[in-house]
Amino acid sequence: MTQISGSQTRPSAQDVRGFQHYPGWLTPPEQAALVKDLRALAAQAPLFSPMTPYGRPMSVRMTSAGRFGWVSDRRGYRYSQTHPEGMAWPAIPQSILDVWQAVSGSARVPECCLINFYGEGAKMGMHQDRDEADFAEPVVSISLGDDGLFRIGNETRGGKTQSLWLRSGDVMVMGGAARLLYHGVDRIAPGTSTLLPQGGRINLTLRVVT
Ligand code: SIN
Ligand code: MN
């Protein structure tokens with residue numbers, strides 16, 4: 001436990017296959033402040049529905065902040081310095097940088113904050129995060145809103161997996177020896193959080209890209 005302010009404390013990490021899971025890292029007021037920052041961000045860089053390189057729409061809607069954003073279309077998955085509508089991505093809000101600073105153990109600053117929105121029925125297939133140049137840098141994930149059933153696999157596709165629910169305010173550090181483990185989101189549980197008035201789940205992933 002680490003001190004927040006007054007008598008409040010931060011939760012300790014729980015190791016899940018080498019991923020460090022901090023259940024309820026963000027307090028409800030911190031979560032609400034983050035959502036406010038994300039609304040301002042989405043007003044500048046709207047959520048879009050990416051196409052997979054195979055021509056099928058992804059079920060999540062996404063946008064990004066930082067020097068790089070993550071995009072997907074018929075040309076493939078990649079980092080891009082511009083939103084599909086042509087503008088630069090907005091800066092990563094300080095509230096989000098603070099989480100990276102507290103848990104990443106990195107001396108660098110994240111260059112991308114990918115924002116994924118999961119409506120009812122949205123999911124994310126098992127994948128590795130390997131479009132970054134330096135795998136010594138972790139990926140830090142923040143969950144907001146409805147619970148998401150997160151699955152962690154292995155360094156190669158297939159094999160035994162382990163699932164856990166990521167809840168609003170949870171932070172996960174995917175780094176070290178676990179940096180290249182396959183992972184995905186099987187489903188969300190609608191109505192499990194009141195943080196987002198219209199429901200759904202937001203996941204933020206912070207990455208050093210270069
Ligand atoms: C991701 O792997 O990009 C998203 C993970 C999540 O939604 O929890
Ligand atoms: Mn990922």
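## Second largest pocket

The second largest pocket of this predicted model holds about 290 Å³ of space. A pocket is an open set of points on a 1 Å grid over the protein atoms alone, where a 1.4 Å probe fits, with protein on both sides within 12 Å along at least five of seven lines. Its volume is the space filled by probe spheres set on the points.

15 residues line the second largest pocket; lining residues have an atom within 4 Å of a point. Nearest its centre lie Arg-39, Leu-47, Phe-117, Leu-196 and Ile-202. Helix H1 (28-44), strand E5 (61-65) and E8 each give at least two lining residues. H1 supplies the largest share, 5 residues. Helices are DSSP runs of at least four residues, strands of at least two. By class, the lining has 10 nonpolar, 3 polar and 2 charged residues. Ala, Val, Leu, Ile, Met, Phe, Trp, Tyr, Cys and Pro count as nonpolar, Asp, Glu, Lys and Arg as charged, and the others as polar.

## Largest pocket

The largest pocket has about 830 Å³ of space. Of its 35 lining residues, Met-58, Tyr-77, Met-124, Gly-125 and His-127 are the closest to its centre. E7, E8 (112-118), E9, E14 and E15 (201-207) are the elements that give two or more residues to this lining. The lining comprises 15 nonpolar, 11 polar and 9 charged residues.

## Manganese site

His-127 (NE2), Asp-129 (OD) and His-183 (NE2) coordinate the manganese ion (ligand 2) at 2.2 Å. Donors are N, O and S atoms within 2.8 Å of the metal (3.2 Å for Na, K and Ca); water is not among the atoms, so sites may look incomplete. The donor residues are spaced H-x1-D-x53-H in sequence. His-127 lies in strand E9 (residues 124-127) and His-183 in strand E14 (residues 183-189), so the pair ties together parts 56 residues apart in sequence.

His-183 is buried, at a relative accessible area of 5%. Buried means under 20% (1.4 Å probe, protein chains only).

## The E6–E7 hairpin

E6 and E7 form a hairpin with 2 residues between them. The strands run antiparallel, and 5 bridges join E6 to E7 (residues 76-80). Two strands pair if DSSP finds at least two bridges between them. Trp-70 stands opposite Tyr-79 in E7. In E6 (residues 69-73), 4 of the 5 residues are buried, so the strand is largely enclosed by the rest of the structure.

## Basis

Residues are numbered from 1 along each chain as its sequence is written, and chains are lettered from A and ligands numbered from 1 in the order in which they are written. Local features need pLDDT of at least 70, side-chain atom pairs count only at pLDDT 80 or more, totals for chains, interfaces and linings use all residues, and side-chain values use heavy atoms, with hydrogens and water left out.

How values were computed:
Buried < 20%, exposed > 50% of the residue type's maximum accessible area, 1.4 Å probe, protein only.
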